[in-house]
Amino acid sequence: ALKKFGRASRFGPLPTIREVFTEVEKGKYHYGVVPIENSTEGVVNDTLDLFADTSLKICGEIFLEISHDLLSKSGQRQDIEVIYTHPQAYGQCRRWLAANMADLPVIEVGSTGVAAQKAAKNPNAAAIASAFAAPLYDLRVVERRIEDNPGNVTHFFVIGSHTPGPTGADKTSIIFAVDNIPGALYKTLRPLAERGLNMTRIVSRPAKTEAWRYLFYVDLEGHREDPQVKQTLEEIETLSVHYKHLGSFPRAPGVEVLG
C-alpha cells in the first residue's frame, strides 16, 4: 500500500483479507490491497473466492519482492520460545525453520502484522515478518532473510469501486464457468487465441454453490475498452454459463522492492 499510494495516504491495517474487502465495499476506505499469488506458495485462495462474491473491481496491481526476517523484542535467539507467523510466510520459510528452530512451536495468525504485534507483547515470542515491521513494533532482527527462495515475489491486487480507463499497457481479469461437457473450456478460451490476445494466468476454484462446478479466473493483456478485447470478452460471456468482469487496470511496470 505504501508503494502504491505513498505515505501521505491514510492507512487502515485489517486482520483478514475478508475484512479488507468488506471495509472497502462499505466505503470506509477508497482502496484495499490484497495478495493474490506468491511465486513460492501459489495462489491465495481466500482472495480468489472473495472476488466471486464482491461488487468491487481490480483497479491496480503490485509485484513486490518479499523478504522475511525473524523478529523479537530482544533480538536474541536464546529468548525465543514460540514463533508467530502467517501461513503463507510459514510456507515460504519452512525449510529454514526446520533446519534452525525445529524444536519451537509455530503458531499461525492472520497476517505478518499480527505476528509482529504478538511478538511485541511477549519477550519470549518471535515473529516472521518484513524488516519493515521491526521499527513499527519496536522489535529487533534475530535473523535476516530467512525465506527459502531468493527472489520470492508476491502479486497484489488493488481493489476499489471503479475500473480505470485504458493506458495502452493494461490487463483485464474475468471469472467464468462452463458446462461440464467435452471441449467446453477449449471453446470458451478459443476467442483469445483467434484474436492473438495473451492470457497471462488461469486458475480454477470450486464453485461454492454447486458440487463439481468450477470457476475459472483468467488474466489477459489489454483493456476492456480495447476493441479486440471487448469483442473477445463478449464472445466468452456468450459461451459461459456464468461470467463476471473483475476489472481492467494498468499493468505493473515490474517487481518492486520494499524499502
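In strand 9, V158 is the bridge partner of V33. The structure is a predicted model, in which local features need pLDDT of at least 70 and side-chain atom pairs count only at pLDDT 80 or more, whereas totals for chains, interfaces and linings use all residues. Residues are numbered from 1 along each chain as its sequence is written, and side-chain values use heavy atoms, with hydrogens and water left out. Helices (H or I, at least four residues) and strands (E, at least two) are DSSP runs, numbered from the N terminus. Two strands are taken to pair if DSSP finds at least two bridges between them.

The pairing of strand 1 (residues 32-38) with strand 9 is antiparallel and extends over 6 bridges. A further position in strand 9, T154, is the bridge partner of N38. T154 is also the bridge partner of L64. Strand 3 (residues 57-65) runs antiparallel to strand 9 and is joined to it by 8 bridges. These strands belong to an open sheet of 5 strands, in the order 2-1-9-3-14 and with mixed pairing. At its edges stand strand 2 (42-43) and strand 14 (255-257), each of which pairs on one side only.

Strand 9 (residues 153-160) is mostly covered, as 8 of its 8 residues are buried; buried here means under 20% relative accessible area, exposed over 50%, and partly exposed in between (1.4 Å probe, protein chains only). In a regular strand the side chains alternate between the two faces of the sheet. In strand 9 both faces are covered, with V153, H155, F157 and I159 buried on one side and T154, F156, V158 and G160 buried on the other.

Helix 2 lies across strand 1 and strand 9 and runs at about 145° to strand 1. Axes are lines fitted to C-alpha atoms, for helices over the stretch in contact, and angles run from 0 to 180 degrees between N-to-C directions; contact means heavy atoms within 4.5 Å. Within helix 2 (residues 17-26), the buried residues are I17, V20, F21, E23 and V24. These buried residues pack against strand 1, helix 3 (45-51) and strand 9. Just after helix 2, G27 adopts a positive phi of about 90°.

A second open sheet is formed by 4 strands in the order 11-12-10-13, with antiparallel pairing. Its edge strands, strand 11 (199-206) and strand 13 (242-250), each pair on one side only. From one strand to the next, the twist averages 15°. Strand 11 and strand 12 (residues 214-221) run antiparallel and are joined by 7 bridges. Opposite I202 stands V218 in strand 12. Helix 9 (residues 227-239) lies across strand 10 (170-177), strand 12 and strand 13, and runs at about 10° to strand 10.

Backbone geometry was also examined in two loops. Most residues other than glycine have a negative phi, and most peptide bonds are trans. D138, a residue other than glycine, has a positive phi near 55°. D138 is located in the loop between helix 7 (133-136) and strand 8 (140-143), and its relative accessibility of 42% places it among partly exposed residues. R145 likewise is not a glycine and has a positive phi, of about 45°. The loop between strand 8 and strand 9 contains R145, which is partly exposed with a relative accessible area of 44%.

Across the protein chain there are 9 helices and 14 strands. The C-alpha trace spans about 60 × 45 × 30 Å along its principal axes. Of the 259 residues in the protein chain, 44% are buried. Among contacts in the protein chain with a separation of 6 or more, 76% are accounted for by residues 24 or more positions apart. The accessible surface of the protein chain amounts to about 13,300 Å², and 50% of this belongs to carbon and sulfur atoms; accessible areas come from the Shrake-Rupley method with a 1.4 Å probe, and for residues only the protein chains shown count as cover. The protein chain carries 29 positive and 31 negative side chains, and the centres of the two sets lie 3 Å apart. In this count Lys and Arg are positive and Asp and Glu negative, while His and the chain ends are not counted. The place of a charge is taken as NZ of Lys, CZ of Arg, CG of Asp or CD of Glu.
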